[in-house]
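Take a first walk through this protein chain. Start with the overall picture, then turn to the charged side chains.

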Amino acid sequence: MTVEEFRLPDVGEGVAEGELVSWLVAPGDRVEEDQPVAEVETDKALVEVPSSYDGTVEELFVEEGEMVPVGDVIISFRVDEDGAEADDSGSADEGDVDETSPDAGEPESAESDDAAESEPATSSGRTFAPPSARRLARELGVDVAAVDGSGPGGRVTEADVRAHANGDAGAADAGDAESDESPAPTPADVDFDDRQSVVDARGDDGAAEPSPTIDSGSSPEPAGRDTTLATPATRKLARDLGVDIDDVPTDETRDGEAFVTDEDVRAYADALESATAESAPEPEPVDVDETAAATADATAGDTSTASASAAGGETTAGDETVPYRGVRRTIGKQMERSKFTAPHVTHHDTAEVDALVEAREELKPRAEERGVNLTYMPFVMKAIVAGLKEHPYLNSELREDDEEIVLRKEYNLGIAVATDAGLMVPVVDDVDEKGLFELAAEVRDLATRARDRSLKPAEMKGSTFTVTNFGAIGGEFATPIINYPETAIMGLGAIEERPVVRDGEVVPAPTLPLSLSIDHRVVDGAVAARFANTVMEHLEHPLLLLTR
């Protein structure tokens with residue numbers, strides 16, 4: 001039988017990792033090529049990952065909620081036709097066959113009977129092992145079904161395979177030299193004060209000896225790794241227990257990297273606590289007279305320390321912690337990069353939009369006849385394009401490494417959409433080539449799909465200028481952060497009647513507040529003001545849009 005590993009593909013441009021949100025299949029499920037097997041959230045998108053194989057799901061290697069680097073194995077499939085048929089038939093004999101055995105499918109023999117007898121007693125009769133362990137077993141000539149698994153649920157790890165291989169080799173050597181009764185070699189007892197190095201426990205050749213048992217009565221040796229694999233739940237447990245997960249000893253690995261479980265973390269935390277309790281110094285007698293004066297001085301310090309601790313992010317009963325990842329983390333990184341890279345300047349102004357309101361009211365019935373809900377956004381988009389054409393540096397990108405400013409000739413506007421998962425920015429391409437109704441329909445479609453998380457990553461790429469409409473929620477002015485690496489972003493307030501001065505009198509009029517943030521490395525304030533004037537001119541005189 002053939003087992004194929006399936007690695008997390010690059011589901012977006014330049015995506016390095018993603019959170020596996022949910023599995024759409026389970027071990028034993030029959031899948032077809034291109035059938036979605038998992039949902040992965042990455043780079044502001046929730047995308048379905050399709051299978052590359054026709055076959056049966058062999059094993060899932062990632063837990064839901066776990067961050068997975070692109071290229072890591074997430075699932076394996078049995079892809080041979082015979083195996084698939086066996087699954088479809090639901091034969092009860094399936095569990096009696098080691099799917100990785102090279103003899104599978106061959107006529108039964110005495111050897112295969114022996115192998116069957118040596119299969120570990122798992123509840124399903126199957127051997128659970130990741131592809132890496134199975135590959136190692138094949139390389140070492142080990143029957144993976146004969147290996148005792150030490151991983152969760154009896155899963156066979158690479159360490160188990162190596163230990164089994166070493167044990168077999170030792171037995172074979174002993175049989176050749178003397179007899180089966182010869183005792184197994186005992187490691188030399190080197191005086192290390194009863195401490196066992198984690199590195200030594202693995203052996204020079206990487207072979208794992210029995211899992212290190214942390215003696216609760218001695219100080220555990222921290223592993224001090226640079227990289228550790230663990231599920232998000234395990235990492236949270238480590239944080240809750242105040243344990244550095246890179247210090248937790250483990251013999252289990254995945255794809256060559258140390259893998260830590262909840263049990264490992266708890267055992268290490270217990271050992272640390274016990275060691276700390278035993279090593280705590282006995283209280284020494286205190287001279288009350290000498291310390292009395294010092295107590296008052298120390299009080300202020302204690303108070304400041306307590307205040308600093310409280311301000312240091314400690315949680316108390318009733319607090320709720322929410323994982324900072326997925327879309328929220330992506331937004332945070334993008335905002336941080338933009339804010340600390342581009343020097344922002346925000347220009348504010350207000351357009352009087354009586355004519356725009358009238359134009360929209362006049363066009364709405366015709367739009368409804370075509371099934372379009374005409375909002376003000378298409379008018380704003382066309383006005384912005386008019387401004388970008390007259391002031392091209394607002395439609396640009398600064399490439400610091402190349403020391404050049406790229407003036408974009410496409411007019412692709414990102415439209416910020418507030419969703420339950422966070423701010424998403426789908427892109428409307430070629431705004432200059434589309435009519436008002438077409439833009440209205442496209443914006444509505446993108447916003448709807450942004451909110452139900454069905455946008456494709458490509459639909460959020462390639463914007464040259466971004467618009468954010470915070471006025472739809474409330475507010476007049478803001479300081480929008482540039483959608484890096486663009487040069488500018490415009491924020492829209494709510495169109496409402498506000499007092500304006502006309503012919504020396506204060507009268508109510510519909511107005512639209514505008515907030516324009518620019519990258520001051522590329523655009524000066526004067527250019528930003530002229531751009532805003534052009535946009536306002538087209539909003540206040542929408543007939544000008546017909547000339548575009």
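What follows goes from the whole chain to its charged residues.

The model is predicted. Its protein chain has 13 helices and 20 strands. Of the 548 residues, 39% are buried. The accessible surface comes to about 30,000 Å². Carbon and sulfur atoms account for 48% of that surface.

Now look at charge on the surface. Glu32, Glu33, Asp34 and Asp54 form a negative patch. Asp34 sits in the loop between β3 and β4. Its relative accessibility is 55%, so Asp34 counts as exposed, because exposed means over 50%.

Side chains of opposite charge can pair when their charged atoms come close. The whole structure holds 15 salt bridges. One of them joins Glu352 and Arg502, at 2.9 Å from N to O. Glu352 belongs to strand β11 and Arg502 to strand β19, 150 residues apart. Glu352 is partly exposed at 29%, and Arg502 is partly exposed at 29%.

Another salt bridge stays within a helix. Asp445 pairs with Arg449, their closest N and O atoms 3.1 Å apart. Both lie in helix α12, four residues apart, or about one turn of the helix.

Next comes Glu476, which meets Arg498 in a salt bridge of 3.5 Å, N to O. Glu476 lies in the loop between β17 and β18 and Arg498 in strand β19, so the pair ties together parts 22 residues apart in sequence. Glu476 is partly exposed, at 39%, whereas Arg498 is buried, at 11%. Finally, salt bridges with shared partners link Glu397, Arg399, Arg408 and Glu410 into one network.

Notes
Residues are numbered from 1 along each chain as its sequence is written. This is a predicted model: local features need pLDDT of at least 70, side-chain atom pairs count only at pLDDT 80 or more; totals for chains, interfaces and linings use all residues. Side-chain values use heavy atoms; hydrogens and water are left out. Helices (H or I, at least four residues) and strands (E, at least two) are DSSP runs, numbered from the N terminus. Buried means under 20% relative accessible area, exposed over 50%, partly exposed in between (1.4 Å probe, protein chains only). Accessible areas come from the Shrake-Rupley method with a 1.4 Å probe; for residues, only the protein chains shown count as cover. Patches are made of residues with over 30% relative accessible area and no salt bridge: like charges are joined within 9 Å, nonpolar side chains (Val, Leu, Ile, Met, Phe, Trp, Tyr) within 5 Å. A salt bridge is a side-chain nitrogen of Lys or Arg within 4 Å of a carboxyl oxygen of Asp or Glu. Lys and Arg count as positive and Asp and Glu as negative; His and the chain ends are not counted. The place of a charge is taken as NZ of Lys, CZ of Arg, CG of Asp or CD of Glu.
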